[in-house]
Amino acid sequence: MADGGNNPAFLGVSRSLSGRAWRQRPADAATIRAHMQALDLDEPMARALAARGVAADQGENFLRPTLRALFPDPSSFMDMDTAATAIIDALQAGSSIHIFADYDVDGASSAALLVRWFRTLNAELPIYVPDRLTEGYGPSARAFDTLKARGADLVITVDCGAAANEAVAHASAIGLNVVVIDHHMMREEPPACLAVVNPNRPGCPSGQGNLAAAGVVFVLLAALNREARARGLFEGKTEPDIRQWLDLAAMGAICDVTGLTGFNRALTSLGLKVMSDWKNPGLKALLAAAGAEPGPAKSNHAGFILGPRINAGGRIGKSDLGARLLSTDFPDEARALAQELDALNIARREVEAQVTEQAVRRVEATGAHHDESSLIVIAGEDWHPGVVGIVAGRLRERWRKPVVVIGIDAINGLGKGSGRSQPGMNLGRAVQAAWNEGVLIAGGGHAMAAGLTVAADRIDELRAFLNHRLSGERAEAVAQDWVEVDALIDPRAATRDLFEAFEQMAPFGPANPEPLFALEGVQAREPTAMNGGHVRCRLVGADGASVRAIAWRCADLPSGKALLAGQGGLNLVGRLKADDWNGRRGVQFEIEDVADPRMA
């Protein structure tokens with residue numbers, strides 16, 4: 001297989017054991033040379049930058065991003081100035097201001113940012129987080145009635161609200177003012193309220209559509225500082241330095257899987273540096289509850305240690321635990337909340353494992369993973385709606401096609417589902433179309449993820465509708481499902497120095513993928529199957545040099561079976577990870593894909 005005839009399959013791999021082709025990540029030669037000269041980089045590193053779309057004159061800002069260079073003018077966001085004015089008006093009038101937040105990490109981080117800013121002005125803002133099982137996603141008339149009854153005058157919604165036109169109209173009808181701060185896709189007509197700040201609002205000129213809600217709120221804090229300063233609210237006191245809360249902005253950006261480019265990259269990179277001091281009592285307590293050691297914060301701290309525990313509250317526990325944890329200044333309260341979230345996360349993992357096992361069996365029984373269908377739609381009674389999104393992601397990784405997993409409530413006959421998609425297949429748009437056609441009770445999302453509610457007796461109809469709707473995108477998505485390699489190395493070159501050189505490009509995420517390295521003609525020695533379906537081994541090259549390696553959740557897949565067989569002559573692609581166990585300061589090769597040259 002070749003890329004338009006110009007980019008041949010890397011190492012000749014046109015079909016790996018997972019069914020994918022490999023290619024070297026495309027990069028402009030002139031840009032590579034420019035990065036080498038301007039930044040004194042070697043060719044592989046300069047190529048990696050160019051391959052990620054970093055222009056010749058943007059290398060310095062990419063590798064060493066600063067707020068000074070990249071912070072946008074808050075006024076470039078539609079309604080930002082109006083929102084700041086309305087909020088400061090309410091503060092000065094002594095109005096009761098409440099925060100309405102989503103239940104995930106981004107919502108919790110956004111709420112905590114606002115709470116902490118207002119706290120510097122001796123105002124304590126209550127947080128309302130809807131229960132995902134009983135109230136669903138986002139604002140509702142019921143929730144606004146509750147907030148009105150509690151005495152709220154102004155509600156600031158964060159990480160939600162941009163598409164809640166009917167609920168916000170109800171708020172207006174009962175005399176409740178609303179300011180929406182969001183980042184999700186929305187309708188052309190915004191909710192009728194005081195202000196809707198959303199870089200993805202049609203017509204917004206900010207150019208910051210890759211921000212998470214926490215990033216939008218961080219810009220709002222700058223706007224609030226400016227408005228409060230203009231009104232003299234900081235006279236005789238220190239103006240809040242919003243940089244101290246960059247760790248919260250980074251949490252939202254990483255855990256919401258946003259594109260880490262431009263200003264959002266600066267927020268995340270600098271936020272991880274702030275996080276490394278572990279001054280936020282909630283983050284520090286949660287790290288301790290997870291059994292991790294404090295030290296320099298990396299993306300995996302947010303994405304794999306802290307984030308899942310914060311999300312566990314909204315998934316299977318109390319929806320406001322995460323926001324309370326990130327907002328508190330009291331270490332004892334932080335420890336108690338962290339321990340509760342850690343326990344919920346353990347329970348969440350058990351539930352997730354059970355649902356994943358059942359879902360895999362059902363998919364394999366139907367053959368949907370092998371057929372020509374555009375996506376997999378699988379449902380089961382009493383599958384917990386708090387984990388169906390995670391399970392959908394696991395199955396998507398396994399079978400490389402969009403997956404929707406639905407948990408059916410046998411009592412009311414409703415299914416609540418969540419889907420994860422492949423690049424090139426816009427699942428959110430397809431789900432929105434299903435709702436428009438009356439197939440769904442509720443539904444929406446974005447290209448790579450979606451949520452829905454459907455009557456149990458219409459799941460087959462939904463499956464057929466989505467398959468038809470996505471059929472035109474399937475062929476192109478399969479053609480684009482390359483494994484893109486940054487460099488070919490051998491086991492001897494897989495060193496800590498190489499790892500740290502490429503770590504200059506961190507933090508990694510969408511639009512800045514973690515570098516992938518290829519190994520050619522290696523053998524898996526001392527392979528061991530681990531709990532969870534993982535495979536650990538040593539990868540040994542022709543000269544006898546080796547590197548420790550692990551492959552996740554693959555023991556029952558062709559790639560895992562090849563590793564467990566100790567097969568030689570394999571080609572592999574993976575990432576370098578730090579391996580500091582027992583002070584060894586080494587690296588581990590995290591296997592992404594395996595190819596057998598005899599079959600590729």
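Student: By class, how many nonpolar residues does the lining of the second largest cavity have?
Tutor: First, this is a predicted model, so to speak plainly, local features need pLDDT of at least 70 and side-chain atom pairs pLDDT 80 or more, while totals for chains, interfaces and linings use all residues. Residues are numbered from 1 along each chain as its sequence is written, and side-chain values use heavy atoms, leaving out hydrogens and water. Ala, Val, Leu, Ile, Met, Phe, Trp, Tyr, Cys and Pro count as nonpolar, Asp, Glu, Lys and Arg as charged, and the others, including Gly, as polar. Next to four polar and two charged residues, the nonpolar count is five.

Student: Which helix gives that lining its largest share?
Tutor: Helices are DSSP runs (H or I, at least four residues), numbered from the N terminus. Both α13 (299-316) and α14 (321-327) supply at least two residues. The largest share, three residues, comes from α13.

Student: And what volume does the largest cavity have?
Tutor: Its lining includes Phe-499, Glu-503 and Arg-575. Volume here is the space filled by probe spheres set on the points, which are joined across faces, edges and corners. For the largest cavity, that's about 70 Å³.

Student: Is Ser-559 buried or exposed?
Tutor: Ser-559 sits in helix α20 (residues 558-564). Buried means under 20% relative accessible area and exposed over 50%, with partly exposed in between (1.4 Å probe, protein chains only). Ser-559 has 14%, so it's buried.

Conventions: 1 Å grid on protein atoms, 1.4 Å probe; cavity = no way out; pocket = protein on both sides within 12 Å on 5 of 7 lines; lining within 4 Å.
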